[in-house]
Amino acid sequence: MSDLLNGFCYDIEADNLYLQSTTIWYIRLKSLDGERTLSLKPFEDTEWTAKFSEWVHSFEDGCKVVGHNILGYDQWMLWRHGGLHFRLMQNCQDIFDTKD
């Protein structure tokens, strides 16, 4: 597998902005190679955190994690509503910063 396709993207939809939110409605995950997808509805599924963690751990350490505003919203929502912690790695990069 190409190193560019080693990872996944995800997006979270909730009832409000981070500080005012009470519920995550939907989480969609997709592998970058397009082979796997997962849809979670945390408001219905009490096991959503275990399923999300299982998804993350199914990828190699150091894989790419892609999303729109994940550092400003999605990761914080996972922490607030699911107790899922995250950490930034040293090789974190914005793809738009790769132009020479």
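This tour moves through the structure in steps, naming what to select and what is found there.

**Before starting.** The model is predicted, so local features need pLDDT of at least 70, side-chain atom pairs count only at pLDDT 80 or more, and totals for chains, interfaces and linings use all residues. Residues are numbered from 1 along each chain as its sequence is written, and side-chain values use heavy atoms, with hydrogens and water left out.

**The whole chain.** Select the chain and colour by secondary structure. It has 2 helices and 4 strands, arranged along the sequence as β-β-β-α-β-α. Helices (H or I, at least four residues) and strands (E, at least two) are DSSP runs, numbered from the N terminus. Of the 100 residues, 25% are buried, where buried means under 20% relative accessible area, exposed over 50%, and partly exposed in between (1.4 Å probe, protein chains only). Among contacts with a separation of 6 or more, 52% join residues 24 or more positions apart; a contact means heavy atoms within 4.5 Å.

**Strands E1 and E2.** Select residues 7-14, which form E1, and residues 24-31, which form E2; these strands run antiparallel and are joined by 7 bridges. Two strands pair if DSSP finds at least two bridges between them. Within this pair, Tyr 10 lies opposite Leu 29 of E2.

**Strand E3 and the turn.** Keep Leu 29 selected: Leu 38 in E3 stands opposite Leu 29. The two strands E2 and E3 make a hairpin with 5 residues between them, and Gly 34 in the turn has a positive phi of about 80°.

**Two cysteines.** Select Cys 9 and then Cys 63. Which of the two is buried, and which is partly exposed? Cys 9 is partly exposed because its relative accessibility is 26%, whereas Cys 63 is buried because its relative accessible area is 18%. The search of the whole structure finds 0 disulfides, a disulfide being a pair of cysteine sulfur atoms within 2.5 Å.

**Confidence.** Finally, colour by pLDDT, the predictor's confidence in each residue, from 0 to 100. The mean for the chain is 87, and 85% of its residues reach 70 or more. Confidence is highest in E3, at 98, and lowest in strand E4 (residues 64-66), at a mean of 88. Over residues 96-100 the pLDDT is below 50, and this stretch has 1 contact in the model beyond near neighbours in sequence. Where pLDDT is low, the predicted coordinates should not be read in detail.
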